Amino acid sequence: MLVSGKSILQHAHENGYAVGAFNVNNMEQVQAIIGAAEETQSPVIIQASQGGLKYAGVEIISAMAKTLAENTTVPVAIHLDHGTDFTQIMKCLRNGFTSVMIDASHYELDENIRRTKQIVEMAKAVGVSVEAELGKIGGVEDDIAVDEKDATYTDPDEAAKFVSETEVDYLAIAVGTAHGPYKGEPKLDFDRIKVIKERLNMPLVLHGSSGVPEESIRKAVSLGINKINIDTDIRQAFHRAVKKFVAENPDVYDPRKIVGPARDAMKEVIKTKMEMFGSTGKA
Ligand code: G3H
Ligand code: 13P
Ligand code: ZN
């Protein structure tokens with residue numbers, strides 16, 4: 001069932017668990033996510049980045065996600081990940097997304113507030129939930145690159161001001177994770193998560209969550225993280241499965257035979273994450 005991001009995350013916030021937000025670019029990923037959600041009876045968020053929308057087209061991504069979401073009993077939200085562009089956010093609203101992120105985190109606080117507020121006013125008018133980001137998360141995504149040394153952790157006082165002025169539904173915070181594969185083991189600032197949760201008392205979002213050890217994820221969830229973004233771990237599961245299949249079957253050229261096992265492999269990784277985040281059985 002297609003629902004708003006807020007309805008999923010408010011329940012997670014009130015009941016102390018997190019919901020996976022998994023990035024998609026193609027049909028196999030959408031099917032893997034919904035399949036995993038059904039098998040574990042877990043609410044889930046399907047999200048598309050700027051790069052994902054450029055690759056597949058917003059109409060195709062939303063048509064695939066909506067079709068599967070409307071034909072399942074588990075709660076599903078369709079979310080724009082790291083939206084930067086007013087026009088693209090409007091396009092997502094028109095195409096039935098039920099949640100959007102406005103990422104103006106690379107601007108100064110006042111400008112981040114101004115840009116976020118503009119999107120909140122527009123999205124809330126049509127019943128769509130909004131995520132914003134405060135602080136700078138390390139690593140690279142399609143349109144935004146932040147060096148590890150430039151990553152800045154979220155300040156709790158700024159976060160309180162940001163949320164009261166913008167009225168966002170959930171906030172992405174920078175607490176030591178980075179997008180993409182890690183070089184060493186990520187060290188999360190757990191005290192910061194705890195303090196921000198106590199100050200804001202609202203759903204919090206963790207980006208760059210691939211490769212974070214299970215123990216750290218579980219602790220972050222226990223302290224108040226409710227949305228966990230995963231992209232790289234799914235890409236790597238896809239890559240491993242395709243490489244294995246092609247190595248073992250070098251002459252098979254049917255795309256279904258090549259990417260079918262990758263779809264199953266992605267589903268298994270997603271199910272493991274759902275169990276780790278505590279969302280299984282919450283549908
Ligand atoms: O946070 C970013 C995601 O990993 C998206 O990456 O822009 O390459 O699709 P992408
Ligand atoms: P990872 O690729 O590190 O899992 O990050 C995903 C993400 O934060 C998407 O917004
Ligand atoms: Zn992200």
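**Helix packing, core and ligand shell**

Helix H10 passes helix H11 in a right-handed crossing, the near helix being turned clockwise from the far one by less than a right angle. This is a predicted model, in which local features need pLDDT of at least 70, side-chain atom pairs count only at pLDDT 80 or more, and totals for chains, interfaces and linings use all residues. Residues are numbered from 1 along each chain as its sequence is written, with chains lettered from A and ligands numbered from 1 in the order in which they are written.

- The contact (C-beta atoms, placed from the backbone, within 7 Å) involves residues including Phe238 and Phe245 of H10 and Met266 and Ile270 of H11.
- By class, this contact of H10 with H11 has 15 nonpolar, no polar and two charged residues.
- The axes of H10 (residues 232-248) and H11 (residues 255-277) come within 8 Å and cross at roughly 145 degrees, on lines fitted to C-alpha atoms over the stretch in contact, with angles from 0 to 180 degrees between N-to-C directions.

**Nonpolar core**
- In the largest nonpolar core, of 82 residues, Ile33, Ile46, Val100 and Leu171 touch the most other members.
- Such a core joins buried nonpolar residues through C-beta atoms within 7 Å, buried meaning 20 or more other C-beta atoms within 10 Å.
- H11 supplies the largest share of this core, seven residues.

**Shell around ligand 2**
- Among the 13 residues around ligand 2 (C-beta atom within 6 Å), His207, Ser210, Asn229, Asp231 and Thr232 come nearest.
- Strands S3 (76-83) and S10 (225-230) each supply at least two residues of this shell.
- The shell around ligand 2 divides into one nonpolar, ten polar and two charged residues.

Methods. Helices (H or I, at least four residues) and strands (E, at least two) are DSSP runs, numbered from the N terminus. Two residues are in contact if their C-beta atoms, placed from the backbone, lie within 7 Å. Ala, Val, Leu, Ile, Met, Phe, Trp, Tyr, Cys and Pro count as nonpolar, Asp, Glu, Lys and Arg as charged, and the others, Gly among them, as polar. A residue is buried if 20 or more other C-beta atoms lie within 10 Å of its own, exposed if 12 or fewer, and partly exposed in between; C-beta atoms are placed from the backbone.
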